[in-house]
Amino acid sequence: MNAHDTFPVPPPGCPAHGSGARVPLHGPEFAADPQAFYEYLRHYGAAAPVELAPGVEATLVTDYSAALQLLQDSGSFRKDARRWRAFNEGKVGPDSPVAPLLAYRPNCMFADGADHLRLRQAVTDSMARVDTRRLTRSTEQISGYLISQFGGRGSADLLGDYARQLPLFVFNELFGCPADIGDRVLFGISGMFDGINADKATAVLFQAVGELVALKRSKPGDDVTSWLMRHEADLSDEEMVHQLALLLGAGAEPLRNLIGNTLHRLLTHERYAREGGLIDEALDDTLWENPPMANYAPHYPAADTELAGQQLHSGDLVLVSFAAANTGPALKASRQAGSNRAHLAWSAGPHACPSKEPARHITVTAIEHLFNELPDVELAVPEDSLTWRPGPFNRALATLPARFTPARTGRRSAAQPDPRAPEREQAPSPDRPAERGGMWSQFLNWLTR
């Protein structure tokens, strides 16, 4: 028997099976059982050759120690995506489905050195000013509004009707978005991540954020946008737009998935149903085993180098698999000991998530409020019928159908506006569409009823 005979077989349905090709992290096979793919990839060593989308090659780090080394070594591994050799050589085009999350933008996520320190400090200091009590109140109000829209039906998709909407609404409030701008922010972010009219959605988002910056320059408020603007880093308008678009977009999608994945765990694991009151534990278990950003943290070697025995070339695209590192053998003892600090769900190093505590707080508050309002909520379909969204980066369900005893809501549904209520929303125009029915405007109206 030779070494080839003992090499593991790719997971069933894997297009790399028997071809020697890179292992694809896209398509329904990967989405259905990513852990089988990670187990297979570990046999390459600390890092493995993968394909993020047709023709988009990358190296995926699956080992915990190697991932920490990469995330903490900002001298050898850079974040500036203008170093991405395949993109610069035209092998990956701007129309690639993964380009929106990988191509360079002038924000702190794609910055190195002094530029990163300046932009990152402005973001960190501004987010640190968010008051926990205010965040709780805002999350509970938004949760109440969303539940009022479906609570009387006795059934809902807890992703589309709840987990997807709530982070966008909370961020709109934290960043001080007025009705018209908030409507377009919601439309833009949703379209970018859904891949539906992504170009239009991106343009709508950036136009809306640009108007928000102009508004706060003239009328600052008690919100993250104004705090970021007044920071000693003295951000330009362009820098403001890109930091805000990053915080709104990159924050909302992972938070949506964290709420959804934690709800999935609570509704499908008997332990939580039996013992109850374990939302924090379910959240930690989700971060360990089903993190909302499964594979990301793009880096580029500054020069030809070696990482845990793997040869990398300057400008190669290298990603970290948070999901594989968390569930690998190196962290088995930490998981069994119940440690909540060792996992990489929030990343690590100078580019670790700056909003970890607000994200945890929003998730716990949103789920607690949902269960308080709908105490008998349960999964409405067999667990094995649930579908996970394909894609290399996120770990997210497509839907999470639930049923419950219909609830009596104390406020009028925003779908049935009160004719006596004052008109808050501007009339739509070609450059200011009232996208998706003006969801943020509807919420603001609901609050006054």
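Predicted model: local features only at pLDDT ≥ 70, side-chain atom pairs only at ≥ 80, totals over all residues.
Reader: What holds strands together in a sheet?
Author: Strands pair through backbone hydrogen bonds, either parallel or antiparallel.

Reader: And β2 with β3, parallel or antiparallel?
Author: Antiparallel, over six bridges. Strand β2 covers residues 47-53 and strand β3 covers 56-61. E51 stands opposite E57 in β3.

Reader: What is A67 in contact with, neighbours within four places aside?
Author: V61, V320 and L344. A47 is 20 residues from A67 in sequence, and their C-alpha atoms are 9.1 Å apart.

Reader: New topic. How many residues does helix α14 have?
Author: Helix α14 has 32 residues, 237-268. From first C-alpha to last, α14 reaches 46 Å, close to the 46 Å expected at 1.5 Å a residue.

Reader: How many of those 32 are buried?
Author: 28 of them, so α14 is largely enclosed by the rest of the structure.

Reader: What about α10? How many of its 10 residues are buried?
Author: Nine, so α10 (165-174) is also largely enclosed by the rest of the structure. Among the buried ones are F169, F171 and N172. After α10 comes G176, with a positive phi near 70°.

Reader: Now rings. How many aromatic pairs are there?
Author: The count comes to 11. One of the pairs is F30 with F37, edge-to-face, 5.5 Å centre to centre and 85° between the planes. F30 is buried at 4% relative accessible area, and F37 is buried at 2%.

Reader: Why is the Y40 and Y44 pair called edge-to-face?
Author: The planes of Y40 and Y44 are at 85°, and over 60 degrees counts as edge-to-face. Their ring centres are 5.9 Å apart. Y40 is buried at 8%, while Y44 is partly exposed at 27%.

Reader: Which residue lies over the face of Y104?
Author: R82, at 4.0 Å from the ring centre. R395 lies over the face of W388, at 3.8 Å.

Definitions and conventions: Residues numbered from 1 in each chain as written. Heavy atoms only, no water. Helix = DSSP H or I, 4+ residues; strand = E, 2+ residues; numbered from the N terminus. Expected span 1.5 Å × (residues − 1). Buried < 20%, exposed > 50% of the residue type's maximum accessible area, 1.4 Å probe, protein only. Contact = heavy atoms within 4.5 Å. Pairing = 2+ DSSP bridges. Phe/Tyr/Trp six-rings, centres within 6.5 Å; stacked < 30°, edge-to-face > 60°. Lys NZ or Arg CZ within 6 Å of the ring centre and 35° of its normal.
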